[in-house]
Amino acid sequence: MASHINRNFVVAYVLLVGLPIVGLLAVLKTGRKLNAPISVDGVWRLEADAAKLSTLPCGKALAESKDAALAISQSGTNFTLTLANGPRSDGAGTLAGTSLNASLAPSSEWSAQGNCGAERKMTLVATVDPNATPRSLTGLLSASDCPACTAVEFRAVRQAPARRASQ
Amino acid sequence: VTLDLFKLVLQLTVILAACRVAGTLFRRIGQPRVVGEMFAGILLGPSLLGWLAPRFSAYLFPPASLGFLNALAQIGVVVFMFLVGLGINPTELKNHGHAAVLTSHVSITMPFVLATLLALLLYPKLSDDSVAFTSFALFMGAAMSVTAFPVLARILTERDMLQSRLGTVAIASAAVDDVTGWCILAYIVLFARAAHDGRSIWITIGGIVLFALLMVFGVQRLLGGMEASYRKWGGLSENRLAFMMLLVFSAALCTEWLGLHLLFGAFLMGAIMPKEQKFVQYILDRFETVTVTLLLPLFFAFAGLRTNIGLVKGPEMWMYCGLIILVATVGKLGGSMLAAWLTSMPLREAAGLGTLMNTRGLMELVILTIGFDIKVISPALYSMMVLMALVTTFMTTPLLAWLCPDHVWRLELGKMSAAKTGLPGPVTESSGGSAA
């Protein structure tokens, strides 16, 4: 009777513990071939022609801020972004390959300045250079609902991948 | 960044009030207080307060002030992990034979493997190329296979099930789960941090082995002296208690310095403490109240400030969230239940055991925080996993009451031998003595 119970235990152990561990190894091996979206998480220092930037609606406050940077918080192909060291704003975007598309909504304080307008958004379209160290972005910054406005070229260099609190 | 003391005290006041109110309300509907406190943390974050009143939220929790709040919260979790380690008795598993061995191992492997399978789907959608698939998948496995030992112990105590077969097997299995889960997590953190810091992994591993040997063969003897002193005098002097805390923080500092995390040292320190029941209860009584009533709510609030349910946007993201909850439940509840049933436990009882093992509570939040800090999981995935922790912990009490009604337990307990298991009093994972 005891040996019967022991045999059942061994069979159950092999089936429910041993086999899944083998499966786990297979999953880990398969997963190594998967590609995740390119990392854009972190703080990116913005470089753009201040004179051209100030011609954009909402661009003046951005042009006047020193060390303006984009803070990106990434979750796969989606991300949220804010302006670090610049006027307060919130935005979101998506990533497709190395192409990044985002919109930035200025805060009410920012919107109240100059020719910004309450419903205006800034739009970013950029490409990530995955081979550059540190990683860099190049693209165009434009204002929504302003077909007459010329988009401004910008470059952004990742300062360091974002370090989260408690680190 | 300068300390704004007024803002910090205001934050503490709001957090404590919110956690107490939510905890009390959840107690009224038969839930452990910890679920209410986790919920309160989420309400104070961007998911509700930041969404409804962004200006007030920005005033109350400005980003520059969060470092101080986080520091206090982390100290609370360090002490809490020491208490969790203290409540775990490694010899328990020996007493419960095949059922506990198989149940505990299956309750780890099943959710672990299912989580890594799910990782195949989630990695390309919710991660990025700065995280290796192996780290991502192993972290998902560890996070889904954890059991909230303290909540489980509290539920069993409240339902008077601690001495039942189900209770003893559940406690032993959860203890094994916790130790195994933390070992796996240590492995992941080690590799993730070594890759990030460029430090040699072998130096780190060598340091950790040396540290563990020192703890087991050196510090444990010192602690034995403390227990002897307790037996002789019926208590410990303030100096000895302060020395104990000094050892906890020193152990935490060692593991952090070695490239692991503060919490591993604190947990190990608790695990190697003498396990005599009265001594354990004495230590718990000294450190538990301030930790669970003051410091842990700060951790819930900090976790809630990082949880943004707004990131779980659209049907696809909610489908992933649902899948995470489903996989976590099927793996943990189903796996434990199947193993217990195969070792001759009646089906209803086995289902009760699976339900208990599926509770994740604060332990899950602690693990998720580590994963978020070392950037193995993204903000959206973190939010989904927090929801999973809430749902699986929330479902435990009603499901257990349905599967194992009180009269069934009274009958089963009557048949049990009067032998006591000698279990230490459990840590109450933010439910505290007052909440019991």
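Helices here are DSSP runs of H or I with at least four residues, strands are runs of E with at least two, and both are numbered from the N terminus. This is a predicted model, in which local features need pLDDT of at least 70 and side-chain atom pairs count only at pLDDT 80 or more, while totals for chains, interfaces and linings use all residues. Residues are numbered from 1 along each chain as its sequence is written, chains are lettered from A and ligands numbered from 1 in the order in which they are written, and side-chain values use heavy atoms, with hydrogens and water left out.

**Stop one: a helix in chain B.** Select α8(B), residues 149–158. The buried set includes Phe149(B), Arg154(B) and Leu156(B). Now step past the helix to Asp160(B), which follows α8(B) and has a positive phi, near 60°.

**Stop two: where the chains meet.** Show chain A and chain B together. Contact (heavy atoms within 4.5 Å) links 38 residues of chain A with 44 residues of chain B. The two chains bury about 3,300 Å² between them, 64% of it on carbon and sulfur atoms; this is the accessible area (1.4 Å probe) that the two parts lose on being put together, summed over both.

Which residue of chain A forms a salt bridge with Lys375(B)? Zoom in on Asp41(A), where the closest N and O atoms of the pair are 2.8 Å apart. The rule (a side-chain nitrogen of Lys or Arg within 4 Å of a carboxyl oxygen of Asp or Glu) finds two salt bridges across this interface. On the chain A side, α1 (2–31), β2 (69–75), β3 (78–84) and α4 (108–111) each supply at least two of the residues that touch chain B. Color α1(A) next: with 14 residues, this helix gives the most to that side.

**Stop three: chain A as a whole.** Chain A has four helices and eight strands, and buried residues make up 41% of its 167 residues. Color by pLDDT, the predictor's confidence in each residue from 0 to 100: chain A averages 83, and 86% of the residues score at least 70. Finish at residues 163–167 of chain A, where the pLDDT is below 50. Where pLDDT is low, the predicted coordinates should not be read in detail.

Note on methods
Buried < 20%, exposed > 50% of the residue type's maximum accessible area, 1.4 Å probe, protein only.
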